[in-house]
Amino acid sequence: MIKTHKRVSDLHPEEIITPGTGLCAGCGGLEGLRLALKELGKDVVICNAAGCFTLLSVYPFTPLQGSWLYTTMGGPVPAAQGIRDALDVQLKKGKLPSQENLQVLVVAGDGSSNDIGLGPTSAALHRKLDFIYFCYDNEAYGNTGFQLSAASPFGSSTQTSPSTHEHPAGAEKMKKNLFDIWKAQDPTYIATVSPREPIDLSNKFAKAKTMSGPRMFICMSPCPTGWGFDPKDAHVIAKLAVDTGIFPIKEYFEGKVVHTKRPRKRLPVEKFLERQKRFSHLFYPERCEDVISQIQKNVDDYWSHFE
Ligand SMILES: Cc1ncc(C[n+]2csc(CCOP(=O)(O)OP(=O)(O)O)c2C)c(N)n1
Ligand code: SF4
């Protein structure tokens, strides 16, 4: 039976990522990965797509206790396939004792996950590759200066989608629905998680660890540098994303989607938007009522299917 955590003091005390990394202070994705690795443990090999998290392990320094393979932006899943195959061959030949088997974990940003890496990922899902995918979703190409990705939300400003006279909303496309794209290929498990919901996150990783096949986590990753807020407020921003209903916390398992945390009374979306510089054009020099109302409507429409 899976042991479930009820309070933060139940979480594993051991840190698999030790303090002192090259990532920004207050990085929500890093907190998500720290919690995830507490659950997965040391026997993990990470296949990392080029992005911010590449700075986690820069040879010869690493804050990690497990192994790390750096790949191109499109390459982490093919790398995971190669490692899984190599482990399976060694296990089959009896050259690797079963207790030394490793969990293969992909760590990639939303740019890699939604854009260039999606084709190989879809192929691996089709082959039912046995791996876990951790997408830290900072809603842009963070490492290269915060450019628009397919996960950048409607109404946000990025380096390549600033608010202008002709394009006052900034990003004009809706965020790609990575959860549903994965769901269409019926993987073993998919979950969205937030670093501000550590019990929910940890229990989901504990559950996924007992399964095999493709398993996916999309981690809401407040990014002080790109989103424009004080690093000390990362937990507040992450909480507002859930409480406004902008970031639904859910899982997909055995054909069903279940919301594992529901905002009791959803706060207006502007409580989340007004705290970040990337949405400041929606409030100053004047309020863009049409864009704010559209964002609210999108959230209301989503939840109307489940209320
Ligand atoms: C094919 C390719 N194009 C561009 C780059 C340059 N590049 C390195 S990291 C990065 C951003 C990746 O964005 P994302 O996957 O969202 O991760 P994040 O940077 O936000 O951590 C880019 C564009 C690259 N490495 N490879
Ligand atoms: S730019 Fe954002 S996502 Fe990247 S390390 Fe810094 S806080 Fe994290």
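## Overall size and make-up

For a chain of 307 residues, a compact globule would have a radius of gyration near 19 Å; this chain has 19 Å, so the two agree. The model is a predicted one. Along its principal axes, the C-alpha trace spans about 70 × 40 × 40 Å. The chain contains 10 helices and 8 strands.

Of the 307 residues, 51% count as buried. The accessible surface comes to about 14600 Å², and carbon and sulfur atoms account for 56% of that area. Contacts can also be sorted by how far apart the two residues are in the sequence. Among contacts between residues at least 6 apart in sequence, 68% join residues at least 24 apart.

## Strand β5 and its cover

Strand β5 covers residues 189–193. Of its 5 residues, 5 are buried, so the strand is largely enclosed by the rest of the structure. In a regular strand, side chains alternate between the two faces of the sheet. Both faces of β5 are covered. On one side are Y189, A191 and V193, on the other I190 and T192, and all of these are buried.

## The neighbours of β5

Strand β6 (residues 214–220) runs parallel to β5, and 5 bridges join the two. Within β6, F217 is the bridge partner of A191. To get from β5 to β6, the chain passes through helix α6 (residues 198–209), and this β-α-β crossover is right-handed.

Strand β5 also pairs with strand β7 (residues 249–253). Here the pairing is antiparallel and extends over 3 bridges. In β7, F253 stands opposite Y189.

## Aromatic rings

A pair of aromatic rings is described by the distance between the centres and the angle between the planes. The chain has 14 aromatic pairs. The rings of Y302 and W303 have centres 5.3 Å apart and planes at 85 degrees; planes over 60 degrees apart count as edge-to-face, so this pair is edge-to-face. W303 also pairs with F306: their centres are 6.5 Å apart and their planes stand at 75 degrees, so this pair is edge-to-face too.

Y302, at 23% relative accessibility, counts as partly exposed. F306 is partly exposed as well, with a relative accessible area of 33%.

Ring pairs also link F134, Y189, F205, F217 and F253 into a cluster. Y189 is a buried residue of β5, F217 is the partner of A191 in β6, and F253 lies in β7 opposite Y189.

## Residue Q81 in helix α2

Q81 lies in helix α2, which covers residues 76–92. Is this residue buried or exposed? The relative accessible area of Q81 is 18%, and buried means under 20%, so Q81 is buried. Leaving aside residues up to four places away in sequence, Q81 touches R127 and L129.

Methods: Residues numbered from 1 in each chain as written. Chains lettered and ligands numbered in written order. Predicted model: local features only at pLDDT ≥ 70, side-chain atom pairs only at ≥ 80, totals over all residues. Heavy atoms only, no water. Helix = DSSP H or I, 4+ residues; strand = E, 2+ residues; numbered from the N terminus. Buried < 20%, exposed > 50% of the residue type's maximum accessible area, 1.4 Å probe, protein only. Contact = heavy atoms within 4.5 Å. Pairing = 2+ DSSP bridges. Right-handed = clockwise from strand over helix to strand, strands pointing away. Rg over C-alpha atoms; globule rule 2.2 N^0.38 Å. Areas by Shrake-Rupley, 256 points an atom, 1.4 Å probe, with all protein chains shown as cover. Phe/Tyr/Trp six-rings, centres within 6.5 Å; stacked < 30°, edge-to-face > 60°.
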